Amino acid sequence: MTSIRRKGRLAIAGVLIASVLAACGDDSKSSNGGGTTSGPAITLAVNPWTGSAVNAYVAKAVIEGSLGVPVEIIDIDENATWLGLDDGTIDATLEVWPSGHAADYETYITGKQTVVDLGKLGPQAKIGWYVPKFVIDAHPELATWEGFKDPELAKLFATAESGELGQFTMGDPSYVTYDEQIIENIGLPLKYVVAGSEAALLTAIDQSIADQKPLLMQFWKPHWKSARVELVEVALPAITPECEASLAASDGLFACDYPIDELYKAASAGLATKNAAVFKMLSAMQLTTEQQSEIGSFIDGDKMTPGDAAKKWVDANPDVWQAWLA
Amino acid sequence: MAASVETLPAMESDEAVRARQQQRTVGLAIFAALALGALVAAHDVPDWMDSGIQKWTQDRYQWSVLNRQSSKVFTWVFNPIADVLTWAVENTESILLALRWPGVIALVGVIGWRTGGMRAAIAGAVALFGVGVIANWDLAMRTLAIMIVAVLIALLIGVPLGILTSRSDRIERLVRVLLDTAQVMPIFVYFSPATILFGIKFPPAVVVTVIYALPPAVRLTNLGLRQVPIVVNEVGQSFGATSLQQLLKVQLPMARRTILLGLNQVIMMAFAVVVLASLLGTGDLGQDVLSGLQKQEVGKAFAAGLGIVLMAVALDRISTGEKSTRHSRLATQLPTVSSRTAAMVAVGIPVLAVVVARLAGASLFPTSLQFNIATVIDDAVQWVQENLRKGVPIIGGTQAISDFITLYLLDPLRDFLLWLPWLLVIVLMALAGWLSKGWRLSVTIALCLGLIATMGYDNKTLLWDHAMDTLSQVLVAIVISIAIALPLGMWAGRSDRVERALRPFLDAAQVLPQFVYLIPVVFLFSVGRAAGVVACVIYAVPPCIRLTSLGMREVPFAPREAAISFGATGGQEMRNVQLPLARKAILLGINQTMMMVLATVIIAALIGAGGLGLLAYRATAKPQIDFGLGTAGGLSIVLLAIMLDRLTQAWGTRSDTHRGT
């Protein structure tokens, strides 16, 4: 027994001495972006898609380079982001899709006022119904929703899960969805199936193209996948006043196309006092869809790190970001 | 011959037999009456059964969101805890980074050497070195830091709780129900409350990891202490030891082995959770797994996943804490290393490693030593995806299997369960419980299902209907898992070579984050319930194989030899002697399989399985709207799990009483 305990003690002693030794003169931390530092570090959230990383790393390059404030990036889930903004652990997030966060807007921005709206980012996004291009090539009538009224055509999309009906595939349940309502209210012979995650949905696209087996799904642009495969949006009925009213009342009677998403930025309410210069710069910051996808292609296509991609663009386009600092 | 083992003539008087038959008739009559009643009653769960649990939970959630800055519960309790956890993880991480990679590897080697001898030292060090080779070392150290803090907290809470439960059966029962519930509850249900209570990043990640790592710590401490022979306790008492002295000097040292096994299990459970925790912003190795998936970079996700596996292997080897018997026997014959030399080695090597590493400026793991397995994996996945889906002789390929599972197994079973009136489902399951064990179990089952009926609606669908959907998937997955695992387990139980060949696959399948094979599974089996079943099977098969093999191996040799000397062939001996004697272990394997399947229901939801798993996921996906719904879905999974667990456990004990001689 004593020998065991001694061994234990030895191991602990080894750990302690080594750690003390390691901790002396630790030089690995304490370095940051560069330039003269002013104020505590700013934390920006990156949600798991390329556009979100593009905005955050561009902002990081500008803030560190021109304002001399260190920026930390945190990779985090969208919902957790709001709680981080709420308690100030996160200072800002630069790409919120309004359609998915109406409840958050109400709770934190208009309600608690712990989070503030920093204005539009610039790009407009569009959620909708999409099919791979080969489907439209073979059946041009499927370019609009009316094509799906034909049970024979809808059946092209049938799977073991959907049986006699065509399958409508939805990805991650955290995204906003009216598809079930649209299908029911228009009366289309489709069955709504939740794939459960974006990864599963993307894989379903690959599978569909590999087999030339039609796939109808909820998808959105901008998305990095649309640079690799051709996806065509299916036209849904234009938005009517009734549909807008139904959205506001969430009465389940929605039967139109998805509204356009104007992406916006949000900051923790404390940021204005924590660092007014950063707050001002982030409020002014805007990117066009083209700029965002250009930087995105450095990351997805050329396999650059988001940091390098942002720096490359910032170096080449000073006139764009200098306007944010004016 | 073996048949006589099964049906030993009952040693009961005629009267007892008659009384039992009478009881049986009465019981059956009661169930028949109940079944009739169920047929007459409404087919669907009536509205008044809705307990309103969803709204209640959602309201609590909303209250916490609104009051997390002002309420004293937060400012006095949760926020300080969160601060301490952040402090602990950050400091552990900076120590690990400051030690530099040679220092960390040397430390693991030395700890392994002290706890498990040279073999453990080498295995631990090599595995950890492998982490640096295939994954990002700095991210791995952050994962390790979270693990270390979570495991220490799990032990700090778990061991005292284990001691407490070993003293009182009542406390044990209560704690066990709580821990079982906490562990079966899908992880996605915890994320939103954990972030509201503890903020983002490290604190909620540590808390969620502790929830899953705690049960084995409690369970095995309790088991270890209960296994200490009474005689030993009495000797201690007769020497006048106080109960504290006895605990510290007698019981805990004697239970050390089992408690260490608990530590090992704690570490394994914690690693299983760590990937998902990176959703909360920890930015560790799990982040690489998740972002790899998001971009469909299976190889990258796999490499990070393998890094996590290797880290688990390293900690497993150095925490098992027992030198192999061969080693210790050797050690007694060889001249033992003097304790001073041991001390010098134990302290010297890590110190030397750290000094050298820092002088040489080795702050990053050298890129020249890194090996990019991502491309290899990507090629392999590509090949599998292109060649296994279609045109495979006889079975036709994975797509055909997927369609078969959906159309001929899942659909009929689900439709049948939904076709039955809900009360009849309860009566039939309760009857199964009564036949397996008796009234108590019967009531437990009825209670579990009855509570599911009170969970309300998801939009217009009853949660009951989702539960029947999930139940059908779980049953199909269990049957397929057992059909695969039992033959393999039996084979492994009779052949050392097979056992050795299977072991690395079993280890990897159990520790590898399930996320890394989501994409290939979807590509091969298409989005839907069948893909979900396959994911469950992949996860559930290893423990079943392992326990079956173990059960076969633990059968004493004497009866088997006797059978052979009576002229039984190998096959006869296996069927009639070894299998019946291994029955209990095999039934335990089936029970474990089921729990694994239920734990994977939530992962299956990410590839299209729907059902309760998807509801539980929505607690994380849209907490502002669906937290109450998600919690109700998670609770329903827990209730299904408790029901199936008690039922299969009853089969295990019943086989005992039947054989009791």
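Trainee: Leaving aside neighbours within four places in sequence, which residues is Val522(B) in contact with?
Mentor: This is a predicted model. Setting aside the neighbours within four places in sequence, the contacts of Val522(B) include Val527(B), Ala531(B) and Ile607(B).

Trainee: Which residues have the most contacts inside the largest nonpolar core?
Mentor: The largest nonpolar core has 300 residues. Nonpolar side chains tend to be buried together in soluble globular proteins. Those with the most contacts inside this core are Ala213(B), Ala270(B), Leu518(B), Val522(B) and Ile607(B).

Trainee: Where does the largest share of this core come from?
Mentor: The core in question is the one with 300 residues. Its largest share amounts to 17 residues, and the source is helix H5 (residues 100–134) of chain B.

Trainee: Is the crossing of H2(A) and H13(A) left-handed or right-handed, and how do the residues of the contact divide?
Mentor: The crossing is right-handed. Among the residues that meet are Tyr57(A) and Lys60(A) in H2(A), and Lys311(A) and Trp313(A) in H13(A). The residues of this contact divide into 10 nonpolar, 1 polar and 2 charged.

Trainee: What share of chain A is buried?
Mentor: Chain A has 14 helices and 9 strands. Of its 326 residues, the buried ones make up 45%.

Terms used: Residues numbered from 1 in each chain as written. Chains lettered and ligands numbered in written order. Predicted model: local features only at pLDDT ≥ 70, side-chain atom pairs only at ≥ 80, totals over all residues. Left-handed = near helix turned anticlockwise from the far one by under 90°. Helix = DSSP H or I, 4+ residues; strand = E, 2+ residues; numbered from the N terminus. Contact = placed C-beta atoms within 7 Å. Nonpolar A, V, L, I, M, F, W, Y, C, P; charged D, E, K, R; others polar. Core = buried A, V, L, I, M, F, W, Y, C linked by C-beta atoms within 7 Å. Buried ≥ 20, exposed ≤ 12 C-beta atoms within 10 Å, placed from the backbone.
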